Amino acid sequence: MQTQVIAESDRYPPGDLAIWVFILAELAAFAAFFGSYAYTRMQHVALFNHYQLTLDKTAALINTFALITSSYFVVRGVAAIRENDSQGCVRWLMAALVMGGLFLIVKSQEYAHHIDEGITLSTNKFYMFYLSLTFFHFMHVIMGMVILAAVAVKARRGRYSAEQYVGVETGASYWHMVDLVWLILFPLVYVMR
Amino acid sequence: MKKRTVLGIRTCTWIWLIMMGLTLVTYTIGQAGLGGLSASLTVLVIALLKGQMVGDYFMGLKRLRGFWRWPVSLWLFLPGGLISVAFTLVG
């Protein structure tokens with residue numbers, strides 16, 4: 001699987017251009033969220049540093065591995081359909097969905113633990129940001145999985161080929177955005193102090 | 001439909017492994033309880049590098065020319081800058 005020919009299509013990102021407008025809007029929202037977190041932390045450094053220690057960094061590590069790996073699997077899925085390998089594409093997308101499912105399970109366990117401890121959005125400013133920011137991202141993971149599942153179903157039905165795979169690239173681009181956001185969220189909320 | 005330039009799978013496999021390794025570095029810094037400006041900025045730079053890798057290689061933006069080459073890089077610069085300033089101001 002190596003470099004193939006191109007030209008004018010290399011002026012535009014993979015997939016439908018509309019999804020990129022959506023992706024940029026989503027990224028802008030997350031940037032505002034990250035900026036707000038950092039700004040609020042400036043006024044409550046001790047509180048943020050204290051409660052950050054209550055978070056499960058190992059769970060966050062597993063989730064980071066899961067999302068990075070799922071993104072890689074999606075890359076393989078796109079490469080497969082470019083080779084006209086529909087079944088290969090489906091298999092890689094299913095593998096990515098399994099990784100997405102792992103993320104949801106681990107994150108849900110984290111939430112269950114916090115709920116058991118009586119932690120809510122109003123517990124303090126750190127938890128307000130932690131819960132709202134991670135849950136906002138959690139919902140994007142679910143949305144991304146729905147999109148990938150829909151793409152996998154279409155690929156299974158033979159709707160994509162080496163000549164027509166814009167839909168696969170569109171779903172892949174959205175999923176990479178979900179991964180991209182988590183790559184900033186993980187160190188910011190769990191590690192930086 | 002013209003085929004795009006496809007970055008090699010081998011390259012993407014290496015990028016995946018490098019990102020996993022960089023994630024372990026971040027985790028180790030976190031588990032060691034390292035804090036302060038230098039540790040925080042190190043972790044942030046690692047995150048921004050990983051983000052750039054996702055944009056360049058997984059999203060495939062590296063091969064683009066023109067406007068669409070830059071949105072992810074610019075986005076990384078935005079929260080990266082805000083976070084850097086905020087952490088620098090509190091030391």
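The axes of helix α6 (residues 166–191) of chain A and helix α1 (residues 9–31) of chain B come within 10 Å of each other and cross at roughly 15°. That makes α6(A) roughly parallel to α1(B), where angles under 35 degrees count as roughly parallel, over 145 as roughly antiparallel, 65 to 115 as roughly perpendicular and the rest as oblique. This is a predicted model, so to speak of local features takes a pLDDT of at least 70 and side-chain atom pairs count only at pLDDT 80 or more, while totals for chains, interfaces and linings use all residues. Residues are numbered from 1 along each chain as its sequence is written, chains are lettered from A and ligands numbered from 1 in the order in which they are written, and side-chain values use heavy atoms, leaving out hydrogens and water.

**Where the two chains meet**

- In general, a pair of packed helices is described by the angle between their axes and the distance between those axes.
- Here, axes are lines fitted to C-alpha atoms, for helices over the stretch in contact, and the angles run from 0 to 180 degrees between N-to-C directions.
- On the α6(A) side, A:Leu183, A:Phe186, A:Pro187 and A:Val191 do the touching, and they meet B:Met19, B:Thr23, B:Thr26, B:Ile29 and B:Gly30 in α1(B); a contact means heavy atoms within 4.5 Å.
- Sort the residues of this contact by class and you get 6 nonpolar, 3 polar and no charged. Ala, Val, Leu, Ile, Met, Phe, Trp, Tyr, Cys and Pro count as nonpolar, Asp, Glu, Lys and Arg as charged, and the others, Gly among them, as polar.
- The crossing of α6(A) and α1(B) is right-handed. A crossing gets that label if the near helix is turned clockwise from the far one by less than a right angle, and is left-handed if anticlockwise.
- Over in chain B, B:Ala39 sits in helix α2 (residues 37–58).
- B:Ala39 is 10 residues from B:Ile29 in sequence and 7.5 Å from it in space, C-alpha to C-alpha.
- With a relative accessible area of 14%, B:Ala39 is buried; buried means under 20%, exposed over 50%, and partly exposed in between (1.4 Å probe, protein chains only).

**Chain A as a whole**

- Chain A has 6 helices and 0 strands, and along the sequence its pattern reads α-α-α-α-α-α. Helices (H or I, at least four residues) and strands (E, at least two) are DSSP runs, numbered from the N terminus.
- Its C-alpha atoms fill a box of roughly 55 × 35 × 25 Å, taken along the principal axes.
- Chain A has 193 residues, and 57% of them count as buried.
- Take the contacts in chain A between residues at least 6 apart in sequence: 82% of them join residues at least 24 apart.

- The average pLDDT of chain A is 95, and 96% of the residues score at least 70. pLDDT is the predictor's confidence in each residue, from 0 to 100.
- Residues 1–6 of chain A have a pLDDT below 50, and this stretch has 19 contacts in the model beyond near neighbours in sequence.
- Where pLDDT is low, the predicted coordinates should not be read in detail.

**Helix pairs inside chain A**

- The axes of α3(A) and α4(A) come within 8 Å and cross at roughly 165°, so these two helices are roughly antiparallel to each other.
- Their contact has 17 nonpolar, 6 polar and 3 charged residues, and α3(A) passes α4(A) in a left-handed crossing.
- The axes of α4(A) and α6(A) come within 13 Å and cross at roughly 30°, which makes α4(A) roughly parallel to α6(A).
- The crossing of α4(A) and α6(A) is left-handed. A:Cys89, A:Gly100, A:Phe103, A:Lys107 and A:Glu110 of α4(A) make this contact with A:Val168, A:Trp175, A:Trp182 and A:Tyr190 of α6(A).
- By class, that contact of α4(A) with α6(A) has 6 nonpolar, 1 polar and 2 charged residues.

**Single residues to look up**

- A:Asn84 lies in the loop between α3 (57–82) and α4 (86–116) of chain A. Its phi is near 70°, a positive value in a residue other than glycine, and A:Asn84 is partly exposed at a relative accessible area of 48%.
- A:Met94, found in helix α4 of chain A, is partly exposed at 43% relative accessibility.
- A:His140 belongs to helix α5 (residues 125–156) of chain A and counts as buried at 6% relative accessibility.
- Leaving aside residues up to four places away in sequence, A:His140 touches A:Glu26, A:Phe30, A:Tyr174, A:Met177 and A:Val178.
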